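Biologist: I would like to learn how to read a model of this kind, feature by feature. Could you take me through one, giving the general idea and then the case at hand?

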Amino acid sequence: MRLFAHSNGHDFEIEVSAERDRLHVVCNGKEIVVALDDQKSSIRTAFLGDRRLDFGWDRRDGTYSVQIEGVEYEVVVRDARSELLAKAAQVAGPAAGVAEVRAPIPGLITKVLLNPGDAVQKDQAVLCLDAMKLENEIPAPRDGTVRSVEVRPGQAVEKGQLLFVIG
Amino acid sequence: MFRKVLVANRGEIALRVIRACKELGVRTVAVYSDADRWSNYVSQADESYPIGPAPARESYLRIDAILDVARRSGAQAVHPGYGFLSENARFSEACAKAKVKFIGPRAESIRAVGNKIAARKAAEKLGVPVVPGISGAVDEARARAFGTAQGYPILLKAAGGGGGKGLRVVRQERDLARAIREAGSEAGHAFGDGTVFVEKYVPRPRHVEVQVFGDARGNVLHLGERECSVQRRHQKLVEESPSVAVDGALRQRLGDTAVALARSVGYENAGTCEFLLDEHGKFFFLEVNSRLQVEHPVTEMVTGLDLVQLQLRVAAGEKLPFAQGDVRWHGHALQTRVCAEDPFNNFAPVTGEVAGVRFPSGPFVRVDSDLVPRSQVTVYYDSLVAKLICWAGDREEAVGRTLRALREFKIVGFQTTIPFHLQLLQDARFRAGRIHTKFVDEEFDFKDVKAAHHAEAAVLAAALEFLRREQATPRYAGARPLSPWKLAFREDGR
């Protein structure tokens with residue numbers, strides 16, 4: 001089975017086949033024999049070649065989190081068909097002339113300082129995000145008009161969530 | 001001793017207090033917000049009550065809701081833990097009014113030390129050295145005048161502050177306006193008091209603090225120091241006791257000073273006097289924390305005392321069961337704070353669900369954590385998810401033991417700060433004890449080791465995906481013999 005894995009900007013083309021109680025894996029041309037334990041837990045152990053390794057894993061929305069030595073790797077695994085589709089989708093970008101500002105970190109919105117329609121200058125604070133125990137002013141990336149504010153005070157936001165749009 | 005105690009907190013510290021109560025045969029009452037309904041500590045208590053929605057302001061900070069639970073459950077005392085209402089004089093007063101014992105200092109003592117300006121004044125009155133600054137509220141003009149006279153950088157601090165909130169280092173005059181606005185606003189939000197004062201910025205001090213304890217009969221003593229110099233943006237990451245920079249003579253001077261300060265405000269229960277220590281061994285009073293500290297376990301490990309049990313005892317009116325001369329310190333203890341933060345992304349907080357967790361064990365290893373599989377880490381509360389505390393005969397052994405334990409530690413589901421600690425504890429300067437409060441921000445070079453295992457992670461993910469797909473494809477039975485591990489995987493269903 002041919003699979004494509006993407007981990008934090010690193011791309012891997014991986015061929016996997018089963019051989020008795022182990023897997024034969026070729027990753028970007030390098031061959032390795034993998035044997036996995038039969039635990040049902042999210043902490044498992046595997047032989048990668050001769051090295052045995054305890055690792056954590058989880059799968060959510062089709063994305064694997066693999067944890068090795070305390071480091072979490074988000075790995076997207078796709079087959080050949082969905083890899084092709086994903087590449088085609090990447091071409092579309094955001095509308096020109098509009099700046100979308102997203103939450104740089106998860107946190108709580110404490111204040112919204114401007115309303116849609118307000119003129120705004122570059123670096124002027126549009127709202128405040130309380131995170132990492134600090135209140136962070138989130139500024140406009142450029143001069144313009146506030147097109148929309150997508151959050152309200154008291155709201156919890158996830159990383160990457162749309163906060164406001166400057167046009 | 002009390003029959004029943006309400007724990008007005010959540011997470012690891014709620015569990016810590018519940019454990020101490022259980023060991024003393026005291027019944028426990030937990031309170032929880034909607035976000036903590038399924039948290040572990042809730043089921044460890046004898047009784048549990050909901051107190052409101054996830055935001056702390058609508059639950060853990062609601063004095064009325066908590067005292068209502070105390071009344072309904074018949075709790076005789078409330079332990080506030082740290083954070084939330086722990087240093088809130090109004091809460092202490094409201095408890096007294098409701099005839100529920102607040103396990104901590106009296107409201108007057110909290111007020112006397114809780115306001116940093118008042119604490120500075122109290123220290124000055126006792127002749128305790130303080131960092132040059134203005135012992136009073138400052139506006140932009142006064143701060144500007146101070147900055148001009150003393151030179152930059154200067155430090156803006158919230159009078160009601162703590163935990164790095166309302167704190168701003170101002171490196172040049174043109175940053176002052178924004179900093180004073182942000183500090184004031186942050187302090188106003190967090191403490192309901194936007195008052196800000198100013199101190200000269202001490203560039204590379206050690207942070208050394210002294211644990212004090214007082215009983216209701218006026219006995220006050222100290223339990224030695226903790227060094228908490230390993231900080232990142234004013235957030236402590238590693239704490240230890242003793243400090244490599246403190247010898248017997250300095251310990252006594254720091255201890256005497258801390259006890260004098262505590263005595264001057266009639267201090268009862270556990271408290272901490274924080275000091276800055278410069279490279280010449282000169283110390284400056286910083287502030288008093290009128291609560292149990294996150295890092296109290298290192299003191300417990302070197303003194304052999306259970307500080308939470310001690311808090312319960314003195315709150316119940318018992319005399320401190322030992323004198324200053326009886327306090328002995330043994331070996332070295334080190335605490336590392338494991339947080340749901342991404343050290344590879346500027347320590348940004350992360351949220352998520354614990355898929356799996358494996359705590360380290362072995363000799364002299366302690367983990368204080370409320371994490372269990374399926375625990376949720378949300379944006380509503382602190383990112384601290386576990387404290388690893390290791391004891392050993394000396395500092396070097398304690399560092400080695402901590403490294404070993406960190407390598408056993410697994411929290412799966414989100415990134416934690418464990419990789420940061422693994423690197424820090426191998427750093428030669430840290431191991432030599434050459435640390436100060438800016439060590440992590442300015443000197444320590446955290447390496448992005450993430451690249452090392454990308455390919456392995458990809459191989460493992462692909463292997464798991466392969467097995468998942470193979471499982472999803474029905475086969476004729478007996479077409480090919482299946483090994484037990486594959487069968488087991490199929491039952492997993494993930």
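**Reading the backbone, the sheets and the interface**

Modeller: Let us begin with a single residue in this predicted model: A:Glu69 counts as partly exposed, because 17 C-beta neighbours lie inside 10 Å of it. A:Glu69 sits in the loop between β7 and β8 (71-79) of chain A, and although A:Glu69 is not a glycine, its phi is positive, at about 50°.

Biologist: Is A:Asp61 buried or exposed, and why?

Modeller: A:Asp61 counts as exposed, because it has 5 C-beta neighbours inside 10 Å.

Biologist: You mentioned peptide bonds as well; where should I look for cis ones in chain B?

Modeller: One of them runs from B:Tyr152 to B:Pro153, with omega near 0°, and B:Pro153 belongs to the loop between α7 and β7 of chain B. Another cis bond joins B:Ser241 to B:Pro242, with omega near -5°, and B:Pro242 lies in the loop between β12 (235-241) and α9 (248-264) of chain B.

Biologist: How should I read a sheet, and what is the strand order of the open sheet in chain B that contains β7?

Modeller: Strands of a sheet pair through backbone hydrogen bonds, either parallel or antiparallel. In chain B, four strands form an open sheet in the order β6-β9-β7-β8, and the pairing is antiparallel. Its edges are β6 (133-134) and β8 (168-170) of chain B, each with a single partner strand, so one side of each has no neighbour in the sheet. Across β6, β7, β8 and β9 (196-200) of chain B lies helix α7 (residues 140-150), which runs at about 150° to β7(B).

Biologist: Which strands stand at the edges of the open sheet of four strands in chain A?

Modeller: That sheet has the order β13-β12-β10-β15 (chain A), again with antiparallel pairing. Its edge strands are β13 (134-139) and β15 (156-157) of chain A, and each has a single partner strand, so one side of each is left without a neighbour in the sheet. Strand β12 (residues 125-131) of chain A pairs with β13(A) over six bridges, and among the bridge partners is A:Asn136 in β13(A), which faces A:Leu129. Helix α8(B) packs on this sheet, touching β10 (107-112) and β13 of chain A, and its direction makes about 125° with that of β13(A).

Biologist: How many residues of each chain are in contact across the interface?

Modeller: The size of an interface is often given as the accessible area lost when the parts come together. Here we can count residues instead: 51 residues of chain B are in contact with 54 residues of chain A. On the chain B side, α16(B) gives the largest share, 14 residues, and the residues of that side divide into 26 nonpolar, 13 polar and 12 charged.

Biologist: What is the radius of gyration of chain A?

Modeller: Chain A has 22 Å, whereas a compact globule of 167 residues would be near 15 Å. Chain A is divided into domain 1 (2-89) and domain 2 (99-166), and 37 Å separate the centres of these two domains.

Methods
Residues numbered from 1 in each chain as written. Chains lettered and ligands numbered in written order. Predicted model: local features only at pLDDT ≥ 70, side-chain atom pairs only at ≥ 80, totals over all residues. Pairing = 2+ DSSP bridges. Helix = DSSP H or I, 4+ residues; strand = E, 2+ residues; numbered from the N terminus. Contact = placed C-beta atoms within 7 Å. Axes fitted to C-alpha atoms, helices over the stretch in contact; angles between N-to-C directions. Nonpolar A, V, L, I, M, F, W, Y, C, P; charged D, E, K, R; others polar. Rg over C-alpha atoms; globule rule 2.2 N^0.38 Å. Domains from an automatic or database assignment. Buried ≥ 20, exposed ≤ 12 C-beta atoms within 10 Å, placed from the backbone.
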